[in-house]
Structure formats: structure tokens, C-alpha cells
Amino acid sequence: MISSNFINFLNFNLETPPLILNEVVNMKNEEIKQFSDNRGYKLQHLAAEKNHLEALNELITRGFEFDDKIDGKTPADLAFDNKHYNIVLNLLNANFKFPR
């Protein structure tokens, strides 16, 4: 079960990404698939938007997709919009296709 503290932490705290990674590592894949915040964003979207590279890498390693659009935005779009170019490069290196 995903704690509300984790959701709040993921949405607002950018200072301690290792704690986020620990939460993601401990989550079951089914919990990750079912997760969404109050905007409908999945963990992939939040990790990209909030520049949580370690959490993003964990999701990539587990084989999660990064092409879902929420409100017309993929995780890569959110990373780019927020100038998190390290996230965009990581997705490119993982061979994710970017919509045109």
C-alpha cells in the first residue's frame, strides 16, 4: 500500500531523492501500475517532473513504459518542460521513443 506521506513527499520534496528511491524499490509492480496522484500522473510522470533520476531509473529497470500521455504530456514532456535534461537524456539512452 502506498502511504499518503509518500505521495506528499513525491509531489513536493525535491531535496532527498534517495528516500523516494527506497519507497519505489519497496513497491510491488502492481502498486506502481495502479498509482496516480490527484492530477492523474503516474509514478513515471512524477519522477520525470520532479527530477527524481534514481526513481526513474528503477522504473526503467523494471520495464515500465514512459509513453503514456496525461493531459497531453508524457514523462519526457514534463522533464523537458521543467528543464530536467538529465531525465530526458536518460530516457533517450534507454531507447524510449519520443512522440512527435
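Student: Which helix has the lowest mean pLDDT among the elements of the protein chain, and which the highest?

Tutor: pLDDT is the predictor's confidence in each residue, from 0 to 100, and in this predicted model helix 1 (residues 4-12) has the lowest mean among the elements, 54, whereas helix 6 (residues 75-81) has the highest, 93. For the protein chain the mean pLDDT is 81, with 75% of the residues at 70 or more. Local features need pLDDT of at least 70 and side-chain atom pairs count only at pLDDT 80 or more, while totals for chains, interfaces and linings use all residues. Residues are numbered from 1 along each chain as its sequence is written, and side-chain values use heavy atoms, with hydrogens and water left out.

Student: How many helices and strands are in the protein chain?

Tutor: Helices (H or I, at least four residues) and strands (E, at least two) are DSSP runs numbered from the N terminus, and the protein chain has seven helices and zero strands.

Student: Which residues of helix 5 are buried?

Tutor: An α-helix has 3.6 residues a turn, so residues three or four places apart point the same way. Buried means under 20% relative accessible area, exposed over 50%, and partly exposed in between (1.4 Å probe, protein chains only); in helix 5 (residues 53-61) the buried residues are A55, L56, E58, L59 and I60. After helix 5 comes G63, with a positive phi near 90°.

Student: What kind of aromatic pair do F80 and Y85 form?

Tutor: Rings of Phe, Tyr and Trp (its six-membered ring) pair if their centres lie within 6.5 Å, and planes under 30 degrees apart count as stacked, over 60 as edge-to-face and the rest as tilted. The structure holds one such pair: F80 and Y85 are edge-to-face, 5.6 Å centre to centre with 70° between the planes.
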